[in-house]
Amino acid sequence: MRLTSRKYSVVAPCVGLSDFHERPCVAQWRPAIMPQPRMMLVVTGDDFGYCPRRNQGIVDCFQAGGISNVSLLVNGSAAKQAADLAKRHNIPIGLHANLSEGIPVCPSLQQSSTLVNQHGFFHGKMGFRQALQRGELSMKQVELELRAQVGLFVELNGHLPEHMDGHQHVHVLPEVREVFAKVVSDLRIPYTRVPVEPGLYSCPWIPAHLHKFYKQVEKDALDAIPVFRRHGIRWPDVYLGLTTMGQNMSIPSLHRALSYALAANPSSSTSSSVQGSHQPVVTAELMVHPGYPSHPKEGGCGEGPDDFSQSADRQHELSVLKDPSVLALYCQERVQLCAFRDL
């Protein structure tokens with residue numbers, strides 16, 4: 001596609017917005033179209049629907065111009081509230097498909113299935129991977145659950161997801177990626193996420209155990225690319241977010257991540273050109289987790305909130321993303337925030 005001077009549906013620094021007057025936190029930004037953006041950036045707030053405090057933090061971040069998109073956990077305890085908030089504030093929304101945390105959406109899988117443990121909960125981030133490696137998971141049941149989650153998403157929001165990714169990156173795992181791609185393709189959901197981040201291997205601040213996990217996520221994601229391509233699924237040129245998660249998020253780390261992304265060679269089907277120019281525009285997604293810390297025993301996907309949800313990391317991300325310096329950085333680097341629908 002070619003970028004035109006149409007108004008975008010998402011609040012973005014240096015972008016024309018019909019509801020600009022409702023966003024006092026970004027009042028210093030003039031509502032003008034960025035003439036020649038170098039990057040179209042989808043900033044996705046993950047885990048929408050996890051708990052009321054997560055929902056409120058994500059909405060606050062969107063209203064401040066810090067995110068431009070959300071990914072909904074339909075089995076989250078506050079999913080209905082999240083969907084209502086997205087409608088009220090016109091927040092672009094996709095599905096955060098969940099096979100690892102909480103309770104399945106599909107009723108037939110809640111009591112006795114390969115996807116749950118003896119307590120009726122999903123096996124967990126690492127437990128799911130271990131069960132998959134042992135060949136214990138039914139891909140037919142994975143498909144049933146994914147389709148049930150899309151169905152619930154439609155019931156809550158009144159439309160299909162604008163994109164679909166995987167909670168804890170389960171969608172790129174072996175076997176699962178084939179089923180995931182089939183469901184996404186069958187339902188004509190246009191976009192997904194491919195978590196391969198430039199600069200990941202030069203981050204000494206990431207703990208060794210996380211580095212090991214991220215490297216495996218990247219390997220799985222690279223192996224998923226031909227599967228997604230075969231099914232006609234699209235994704236942005238660049239993925240960001242592993243190196244800027246939690247306390248690792250800062251103005252310098254975001255600047256670093258953007259620099260790596262801007263150095264990328266646009267090659268995906270989402271790459272664009274600025275009208276009147278042959279200069280390619282990099283498309284990217286930044287995964288973030290803003291929110292206020294969950295109260296103990298409030299929220300989650302059926303088992304209560306996890307440690308990350310109750311930590312200060314969520315509010316730290318929220319504070320950084322709302323910082324006017326981040327919005328200034330986007331304008332300085334000619335980065336235009338958008339939704340998947342704008343790619």
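1. Which residue forms a salt bridge with E162? The partner is R341, with the closest N and O atoms 2.5 Å apart. A salt bridge here is a side-chain nitrogen of Lys or Arg within 4 Å of a carboxyl oxygen of Asp or Glu. The pair links distant parts of the chain, 179 residues apart: E162 sits in the loop between helix 4 and strand 5 (164–166), R341 in the segment after strand 9 (335–338). Helices (H or I, at least four residues) and strands (E, at least two) are DSSP runs, numbered from the N terminus.

2. On the basis of the model: it is predicted, local features need pLDDT of at least 70, side-chain atom pairs count only at pLDDT 80 or more, and totals for chains, interfaces and linings use all residues. Residues are numbered from 1 along each chain as its sequence is written, and side-chain values use heavy atoms, leaving out hydrogens and water.

3. E162 is buried at 16% relative accessibility, while R341 is partly exposed at 41%. Buried means under 20% relative accessible area, exposed over 50%, partly exposed in between (1.4 Å probe, protein chains only).

4. R193 forms a salt bridge with D165, the closest N and O atoms being 3.4 Å apart. R193 lies in the loop between helix 5 and helix 6 (208–230), D165 in strand 5. R193 is buried at 2%, and D165 is buried at 0%. Salt bridges with shared partners join D46, D165, R193 and E285 into one network.

5. E136 pairs with R134 in a salt bridge at 2.8 Å between the closest N and O atoms. E136 is partly exposed at 41%; R134 is exposed at 52%. The structure holds 15 salt bridges.
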